[in-house]
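Please find my notes on this model below. They go point by point, with cut-offs given where a term comes up.

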Amino acid sequence: MLKGKKILIGISGGIAAYKTPLLIRELIKRDCQVKVVVTQNALEFVTLTTLQTLSQNEVYYNMFSNNEYSTEHISLTDWADCFVVAPATANIIGKFANAIADCPLSTSFLAFDKDVFIAPSMNTKMYSNPLVKRNIHTLKENGINIISSTQGFLACGYEGEGRMQEPIEIVKFLKEFYSKKLELKDKTILVTAGGTQEQIDAVRYIGNNSSGKMGYCIAEELASRGANVILVSAKTHLEVQNNNINRINVVSSEEMFVQTTKHFPKCDVAILSAAVADYKPINQEKNKIKKAQTNLNLTLTPTKDILATLGKEKKKNQILVGFALETDDELENAKKKLINKNLDFIVLNSLNDKGAGFGTPTNKITIIDKNQKIEHFKLKTKEEVAIDIVNKLVSL
Ligand SMILES: Cc1cc2nc3c(=O)[nH]c(=O)nc-3n(C[C@H](O)[C@H](O)[C@H](O)COP(=O)(O)O)c2cc1C
């Protein structure tokens, strides 16, 4: 649910700041990327070294750093998927509610237009002050998610409301929020993965080096966002994790053709990442071909073009995504394929890029959409690449 999320953590100067490093650890454990922005007063409670070490990123704490020209509050807020302010002091809540931007944290808050969560934390008397209550109410009314304080023993010696939720509870809140916000809920998505095998005789086949990993990562990412996934998979050692994935095993390009054309009409989207053979032997011998001291000629015939077939059958409300693995004139060939096969976007990976393509845990892609918008991505793990591809799909 939280995997791959880019989370900006804001820390203000409350005693509960000593717990925020644990929150960062919990998020990192769940494969989130974390960056941190703090108020000057927060640094009275938690050190830059701790925050930088745990988040593995520089902490933003100075609006006007001497080193270089930068607008960190904009680049950070562009980068993040969500913003979690924990603890949120009475002071920072007051600034947020009144659009005051006089420090890195309050300025970042104003520049942020995605999901914001704040975890208030303060002395009971401060918390029950009607002015603080009013500010929290204003934030709520403006779409800010409040991770309500709990009752309990407070650092100031008081017992009562105002205690920040424990880091693990904050993580739970985020998980529940995003599970409800499953953007692909009610969508049925067809994914193909792996390399087909074209039988030559009883024991031999023509295959390729595809591991199926890219398609499996896409299927998992789609399912984690609520989609019902039909995964038509060629032979691979991989397993599916998410129960929302219905895997259909195939071996040959013909079987893949049959399954994809059968399921496509009921799908909202199809992402065809399988490496399907372009040719197959015209005759498949039932028995094993005997070894002989003469040349053996195999006559190959083209297989059915699955992508082109789905492109022709595609209805107005369906989205079709293809892959191109190219070795030369990559962009030009991918653009042609995008048009010829009637795709909504194409994911290009070049065998010329180190770490991209078959049999590697990483990939480096370029996405070209039907409006000819080209987006280049850096070398990433296939899990991360899957997030980029699904983000593109969601943005259409
Ligand atoms: C030891 C200590 C603990 C504090 N804890 C809190 C707190 O939990 N919540 C809060 O709202 N203010 C707390 N304060 C007061 C804030 O630090 C103060 O209002 C400060 O201006 C907040 O600045 P900031 O919001 O820019 O970080 C505490 C102050 C001290 C000295």
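1. Asp-31 sits in the loop between H1 and strand E2 (33-38). Its phi is positive, about 65 degrees, although Asp-31 is not a glycine. Most residues other than glycine have a negative phi. Helices (H or I, at least four residues) and strands (E, at least two) are DSSP runs, numbered from the N terminus.

2. The basis: this is a predicted model, in which local features need pLDDT of at least 70 and side-chain atom pairs count only at pLDDT 80 or more, while totals for chains, interfaces and linings use all residues. Residues are numbered from 1 along each chain as its sequence is written, and side-chain values use heavy atoms, with hydrogens and water left out.

3. A cis peptide bond joins Ala-86 and Pro-87, with omega at about -5 degrees. Pro-87 belongs to strand E4 (residues 82-88). Most peptide bonds are trans.

4. Helix H1 (residues 20-29) meets helix H8 (residues 167-180): their axes come within 8 Å and cross at roughly 45 degrees. That makes H1 oblique to H8. Axes are lines fitted to C-alpha atoms, for helices over the stretch in contact, and angles run from 0 to 180 degrees between N-to-C directions. Angles under 35 degrees count as roughly parallel, over 145 as roughly antiparallel, 65 to 115 as roughly perpendicular and the rest as oblique.

5. The contact of H1 with H8 has eight nonpolar, no polar and one charged residues. Ala, Val, Leu, Ile, Met, Phe, Trp, Tyr, Cys and Pro count as nonpolar, Asp, Glu, Lys and Arg as charged, and the others, Gly among them, as polar.

6. Helix H4 (residues 90-97) packs with helix H5 (residues 104-111) at about 35 degrees, axes 10 Å apart. This crossing of H4 and H5 is right-handed. Ile-92, Lys-95 and Phe-96 of H4 touch Leu-105, Ser-106 and Phe-109 of H5. The classes are four nonpolar, one polar and one charged.

7. The ligand is surrounded by 14 residues, the closest being Gly-13, Thr-39, Asn-41, Thr-89 and Ser-121 (a heavy atom within 4 Å). Polar side-chain atoms lie 2.7 Å from a ligand oxygen atom at Thr-39 and 2.8 Å from a ligand oxygen atom at Asn-41. At Ser-121, a backbone N or O atom lies 2.8 Å from a nitrogen atom of the ligand.

How values were computed. A polar contact is a pair of N or O atoms within 3.5 Å; within protein, one must be able to donate a hydrogen and the other to accept it, and residues adjacent in sequence count only if both atoms are side-chain atoms. A crossing is left-handed if the near helix is turned anticlockwise from the far one by less than a right angle, and right-handed if clockwise. Contact means heavy atoms within 4.5 Å.
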